[in-house]
Amino acid sequence: MPSYVLMRILESSPDRYDRGVRILTLGRLEGVYERLASRIKPGQRVLDIGCGTGALTIRAAMRGARVKAIDINPRMLEIAGKKIEEVALTHRVELCEMGVAELDTEAAESYDAVMAGLCFSELSEDELCYALREIMRILKPGGLLLIADEVVPRNPLKRVITLLIRLPLLLIAYLLTQTTTRAIKNLPEKVEGAGFIMESMRLSRMEDFVEIVARKPGG
Amino acid sequence: MLRYMLINIVGTLLRGFPLPCKTGLVRIGNPGRNSPVFLTGNYCVTVERVKRVLEKSGIDCYLLIANSRGINVWCSAAGGHFTNHDVISALKTSGIERLVDHRRVVLPQLAAAGIEAKVIGERTGWSVIWGPVYAKDIPKFVENGYKKSPKMREVEFPAVQRVEMAVMWAFPFSIIVALLAFFLWRSAVLPLFILSWLLPFLIFISFPVYSGLLARGKKKSRLSRYTVIFDFSRVPLLMEVSFLLLLVMYGLFTGNLSFDFLLRWGFVSFVMVLLVSIDLMGSTPVYKSGLHEERLLRVVLDEEKCTGCGVCVQVCPRNCYEIDGIARMPRAGKCVQCGACIVQCPFDALFFESPDGRIIPPETIRKFKLNLMGRRLVRV
């Protein structure tokens, strides 16, 4: 799904973000988020990292979880706030302008699940390692880490094909917004390397998008 | 050295575009537990220049490269692309906290338009020292015990930088013009290419000549904000005239002045003047152009709140401030409305006032920065 590149353009104007994403991903992202959110149980305490306009946050809150949603973009948070108000879930959601580097302010073993939808691909190598370490710390034993993100395909042929599709899209996105996105290399290994147990992993046919459910040992 | 030169050349030609490099921690020399920590954005050209200065001066230190989206420090900070979160992230995730015993980080002064020293301190325990504007002043700054002279705080617009700006406009312009000409008027590709290099150079190099005029001629025109583009009264008119002169000269030399030629030349000159006029949209020499009428904000001081702490003096890139009990602005005319003083003031004593008397409080500026095409003027 190289169309995620184009989400850069949408991010520059959060007001159009949701509609644009739906068109670009042909509704596929909705399915991904539904599947991930189905792991959340009522009453759980959930952290949504890089919540954006709140797609995962709202799904988790609808399932009865208490969600803390963080993002570094105040305008995205504003829109998320409005959407949460519309579905009358404000009592279950706490929005916070905060980056992954500030996760050290969260108490240890305080969350049942941590979600990250299209967030890790925006982090640098250092930030990703740090985030995984902190997530491990703040999750309760047995807690879940739910990830949906763009990855670099393992199969060399698929890597070349995705690259060819991505390049023009990257160029368009760069020309319009002067920003770019990077797919993550070896994400499953990094998650396992941080000490998580892989529960399930679902790759797209082109191997360029991954859904991961990982568990913190214990519990 | 080759790499340094290459990056500088590419960076100068493509000055208007972001050029990101890897973020993270870089060791310069042989740093120890008390070595200084410098931080800058991940604009490739900036990073190379800072590195070079530090390496040449023999300062053993750590250089943190934070994510400014590949944009230079001033533009990214003022435009909301280089924020507190990026600095916090660099300090927390790079591992620098395990390497040094102190908690002082030197940030480039121009980052003050977007990064709040107060917030960084609260969230990370690191205290921010505002470094000099230009990397070349870093060794002097360190020698002086991390104190800046007024000169180190001031942004100038010297000939070298004017040439850089001229190149920044000329390069993309000339390519656009040459491409257009290639399809429409092949024989004119070269002259037009050369012309689109000459024009920006003329504008930028002669800047000192007419800058005085611009400052004085602050007529209140009540026309729409788009008048500048089509306003042939000042600079664009001069250009149009020079185009016509060139035309006459060409005609005299070749004795070839057909109607078709006149039409083409007229069209081309119009496009060129239009292209160069885009420059007037606030990017450079003529930054206080009519396009930004609604953004000609004034910095106002609430004397009740001011304690004379002098943070504004440290961050103002135009040396507008002086402390005399409380802050004074004896050189307010030099202000470029970057907003750094307002963002940094620990007592919220400064704010913007728009020409129609609306007040823009510090919270709004901290939140929206200077980006969004004046969107911070949106009533909150």
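**Notes on a predicted two-chain model**

1. Start inside chain B. Domain 1 meets domain 2 through 5 residues of domain 1 of chain B and 5 residues of domain 2 of chain B. On the domain 1 side, that set holds 2 nonpolar, 2 polar and 1 charged residue. The model is predicted, so read every value here as computed from it.

2. The domain bounds of chain B come from an assignment. It gives domain 1 as 2–153, domain 2 as 159–284 and domain 3 as 292–377.

3. Helix H9 of chain B covers residues 159–184. The helix has 26 residues and reaches 36 Å from its first C-alpha to its last. That is close to the 38 Å expected at 1.5 Å a residue. Which residues of H9(B) are buried? They are B:Arg162, B:Met165, B:Ala166, B:Val167, B:Met168, B:Trp169, B:Ala170, B:Phe173, B:Ser174, B:Val177 and B:Ala181. Note that B:Arg162 is on that list.

4. Chain B also holds an open sheet of 3 strands, in the order E6-E9-E10, with antiparallel pairing. E6 (298–301) and E10 (359–360) of chain B are the edge strands. Each has a single partner strand, so one side of each is left without a neighbour in the sheet. E6(B) and E9 (residues 350–353) of chain B are joined by 4 bridges and run antiparallel. Within this pairing, B:Leu301 has B:Leu350 in E9(B) as its bridge partner.

5. Now the contact between the chains. Chain B gives 15 residues and chain A gives 12 residues. On the chain B side, helix H4 (residues 84–93) of chain B supplies the largest share, 5 residues. By class, the chain B side has 3 nonpolar, 8 polar and 4 charged residues.

6. Chain A in outline: 8 helices and 7 strands. Of its 219 residues, 45% are buried. Take the contacts in chain A between residues at least 6 apart in sequence: 69% of them join residues at least 24 apart.

7. The sheet of chain A is open and has 7 strands, in the order E3-E2-E1-E4-E5-E7-E6. Its pairing is mixed. Where does the sheet stop? E3 and E6 of chain A stand at the edges. Each has a single partner strand, so one side of each lacks a neighbour in the sheet. From one strand to the next, the twist averages 15 degrees.

8. E6(A) pairs with E7(A) in the antiparallel sense over 6 bridges. A:Leu203 stands opposite A:Val210 in E7(A). Elsewhere on the sheet, helix H6 (residues 125–138) of chain A packs against it, touching E4 and E5 (139–150) of chain A. The direction of H6(A) makes about 145 degrees with that of E5(A).

9. Two backbone angles to check. Most residues other than glycine have a negative phi. A:Glu109 has a positive phi, near 45 degrees. A:Glu109 is found in the loop between E3 (93–97) and E4 (111–117) of chain A. Buried or partly exposed? A:Glu109 counts as partly exposed, because it has 15 C-beta neighbours inside 10 Å.

10. A:Glu207 lies in the loop between E6 (197–203) and E7 (209–215) of chain A. With 17 C-beta neighbours inside 10 Å, A:Glu207 counts as partly exposed.

Terms used
Residues are numbered from 1 along each chain as its sequence is written. Chains are lettered from A and ligands numbered from 1 in the order in which they are written. This is a predicted model: local features need pLDDT of at least 70, side-chain atom pairs count only at pLDDT 80 or more; totals for chains, interfaces and linings use all residues. Domain bounds come from an automatic or database domain assignment. Two residues are in contact if their C-beta atoms, placed from the backbone, lie within 7 Å. Ala, Val, Leu, Ile, Met, Phe, Trp, Tyr, Cys and Pro count as nonpolar, Asp, Glu, Lys and Arg as charged, and the others, Gly among them, as polar. Helices (H or I, at least four residues) and strands (E, at least two) are DSSP runs, numbered from the N terminus. The expected span of a helix is 1.5 Å times one less than its number of residues. A residue is buried if 20 or more other C-beta atoms lie within 10 Å of its own, exposed if 12 or fewer, and partly exposed in between; C-beta atoms are placed from the backbone. Two strands pair if DSSP finds at least two bridges between them. Axes are lines fitted to C-alpha atoms, for helices over the stretch in contact, and angles run from 0 to 180 degrees between N-to-C directions.
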